[in-house]
Amino acid sequence: EPVRRAFVQFGTNEFAFVMPPEFRLDASNPEKIVLVKSDYTCFINLRIVRMGTASPAPPKPETLRGPLLSRYPSARILEEFNQSAANQTGPAFDLQFRSVAGMLQSARIVYIPCAAGLIEFTLVANADQFVNGQYAFSSLLLTFCTNEGGKLEIVPLSDTS
């Protein structure tokens with residue numbers, strides 16, 4: 001199966017990642033990139049939440065909890081941990097909440113610092129599809145790269161399994 005890559009430019013900052021299978025990209029909102037699974041059970045969003053300076057430090061988890069719980073008022077944080085992407089590490093949160101329609105949903109939100117600012121990666125899925133969504137989300141984070149070191153360098157994928 002061919003590899004589909006997405007290339008995103010934000011000012012002078014360039015980003016690339018491998019598109020998870022069964023997802024399509026929606027860039028109609030200038031504030032964020034949305035990846036939608038073909039059966040609509042899973043969504044992945046990427047957005048820059050804070051404009052940055054060169055080599056920003058990872059934010060403290062305690063500064064992110066309040067805004068997260070404001071955005072998801074019925075949510076409870078299940079777990080806090082660190083996650084990596086683009087050779088950086090930042091705080092991550094697993095949440096569970098009820099949607100407006102009353103469906104139980106799960107979310108994983110990861111904050112990665114970079115020269116462009118603080119990038120927020122969000123996975124939202126129906127609770128029963130969350131594990132499947134995590135595979136796609138982890139794949140995206142593993143392949144996410146930036147041009148912070150100069151030229152955007154795409155790492156070829158192995159053709160052996």
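In this predicted model, helix α2 lies across strands β2 and β10, and its direction makes an angle of about 135° with that of β2. The points below begin with this helix and the strands under discussion, and then turn to the cores, a hairpin, a single asparagine and the chain as a whole.

**Helix α2**
- The helix has 14 residues and spans 20 Å from its first C-alpha to its last, which is close to the 20 Å expected at 1.5 Å a residue.
- Its buried residues are Phe130, Gly133, Gln134, Ala136, Phe137, Leu140 and Leu141.

**The sheet with β2 and β10**
- Strands β1, β2 and β10 form an open sheet of three strands in the order β1-β2-β10, and the pairing is antiparallel.
- The edge strands of this sheet are β1 (5-10) and β10 (145-146), each of which pairs on one side only.
- Between β2 and β10, which run antiparallel, there are two bridges, and phenylalanine 15 has threonine 146 in β10 as its bridge partner.

**The nonpolar cores**
- The largest nonpolar core holds 27 residues, of which Phe17, Leu35, Ile44, Leu46, Phe121, Leu140 and Phe144 touch the most other members.
- At least two residues of this core come from each of β2 (13-18), β4 (33-37), β5 (42-51), β8 (104-114), β9 (117-126) and α2 (130-143), and the largest share, five residues, is supplied by α2.
- Leucine 46, when residues up to four places away in sequence are not counted, touches Phe17, Lys32, Ile33, Leu35, Glu120, Phe121, Leu140 and Phe144.

**The β6-β7 hairpin**
- Strand β6 (residues 76-85) and strand β7 (residues 88-98) run antiparallel and are joined by nine bridges, with glutamate 79 standing opposite aspartate 94 in β7.
- The two strands form a hairpin with two residues between them, and alanine 86 in the turn has a positive phi of about 50°.

**Asparagine 13**
- Asparagine 13 is placed in strand β2, and it counts as buried because its relative accessibility is 15%, whereas the cut-off for buried is under 20%.
- When its neighbours within four places in sequence are left aside, asparagine 13 is in contact with Val8, Ala115, Ala116 and Asn147.

**The chain as a whole**
- The protein chain contains two helices and 10 strands, and from the N terminus on these elements follow the order β-β-β-β-β-α-β-β-β-β-α-β.
- The radius of gyration of the protein chain is 16 Å, close to the 15 Å that the globule rule gives for 161 residues, so the chain is as compact as a globular protein of that length.
- Taken along the principal axes, the C-alpha atoms of the protein chain fill a box of roughly 45 × 40 × 30 Å.
- Of the 161 residues in the protein chain, 42% are buried.
- Among the contacts in the protein chain between residues at least 6 apart in sequence, 46% join residues that are at least 24 apart.

Terms used:
Residues numbered from 1 in each chain as written. Predicted model: local features only at pLDDT ≥ 70, side-chain atom pairs only at ≥ 80, totals over all residues. Heavy atoms only, no water. Core = buried A, V, L, I, M, F, W, Y, C linked by side-chain atoms within 4.5 Å. Buried < 20%, exposed > 50% of the residue type's maximum accessible area, 1.4 Å probe, protein only. Helix = DSSP H or I, 4+ residues; strand = E, 2+ residues; numbered from the N terminus. Contact = heavy atoms within 4.5 Å. Expected span 1.5 Å × (residues − 1). Pairing = 2+ DSSP bridges. Axes fitted to C-alpha atoms, helices over the stretch in contact; angles between N-to-C directions. Rg over C-alpha atoms; globule rule 2.2 N^0.38 Å.
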